[in-house]
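Here are my notes on one helix pair and the loops beside it. Please read them with the model open.

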Amino acid sequence: MFKRKYFLFFLVVVLLIVVGFLRDFIFVNLNYQASLAYYHQDNDYKLSSLISFIETWSYKRLYISKWILTILFTILYGAITYFCVYFFFREKKYNKISIGIYIVIISISFLIYLFGYFTNNYQKAYSVSRQLMGLLQSPIIIMLLLPALYLNNKK
């Protein structure tokens, strides 16, 4: 069982690296194409041939795709976090904590976004909201949560 946990931990690290690179690859290319579609000016970046099918997409479609992918990657990272917490600790309260963290950060992000929208501070609020959502689409939550739960378990 001890070796199995180390192997699973290694697989989780590899999965987080792969998902992180995939997310970055997709968003860098979407942002490039969205910039090109919006400003109609080319820059130094060249769209990857692996994702060249988005060249024909409108700015609106690219923009909506980014929102959908933000939701999907947040769910993916949340699921990875949930299952890691489940496997390593097998305590329902810890799984509730991991879900709660995601719900709280999503709620705060949404409220900041709405506040900015209704107070004409859209750009600033969007920037903060985007940073919070970026936090949920990264391994930072799991990197903080697993050691914290481990230390709490040792008490």
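1. Contact here means heavy atoms within 4.5 Å. The model is a predicted one. By that cut-off, H2 meets H3 through Trp67, Thr74, Tyr77, Gly78, Thr81, Tyr82, Val85, Tyr86 and Phe89. The H3 side supplies Tyr94, Asn95, Ser98, Ile99, Tyr102, Ile106 and Tyr113. These contact residues divide into 11 nonpolar, 5 polar and no charged.

2. Now the geometry of the pair. H2 covers residues 59–89 and H3 covers residues 92–118. Their axes come within 8 Å and cross at roughly 155°. Angles over 145 degrees count as roughly antiparallel, and H2 and H3 are therefore roughly antiparallel to each other. Their crossing is right-handed.

3. Which residues of H3 are buried? They are Tyr94, Asn95, Ser98, Tyr102, Ile105, Ser109, Tyr113 and Gly116. The cover over them includes H2, H4 (122–136) and H5 (140–154).

4. Check the loops on backbone grounds. Most residues other than glycine have a negative phi. Arg90, in the loop between H2 and H3, has a positive phi near 55°. Its relative accessibility is 47%, so Arg90 counts as partly exposed.

5. Asn120 follows H3 and sits in the loop between H3 and H4. Its phi is also positive, about 60°, although Asn120 is not a glycine. Asn120 is exposed, with a relative accessible area of 72%.

Methods:
Residues are numbered from 1 along each chain as its sequence is written. This is a predicted model: local features need pLDDT of at least 70, side-chain atom pairs count only at pLDDT 80 or more; totals for chains, interfaces and linings use all residues. Side-chain values use heavy atoms; hydrogens and water are left out. Axes are lines fitted to C-alpha atoms, for helices over the stretch in contact, and angles run from 0 to 180 degrees between N-to-C directions. Helices (H or I, at least four residues) and strands (E, at least two) are DSSP runs, numbered from the N terminus. Angles under 35 degrees count as roughly parallel, over 145 as roughly antiparallel, 65 to 115 as roughly perpendicular and the rest as oblique. A crossing is left-handed if the near helix is turned anticlockwise from the far one by less than a right angle, and right-handed if clockwise. Ala, Val, Leu, Ile, Met, Phe, Trp, Tyr, Cys and Pro count as nonpolar, Asp, Glu, Lys and Arg as charged, and the others, Gly among them, as polar. Buried means under 20% relative accessible area, exposed over 50%, partly exposed in between (1.4 Å probe, protein chains only).
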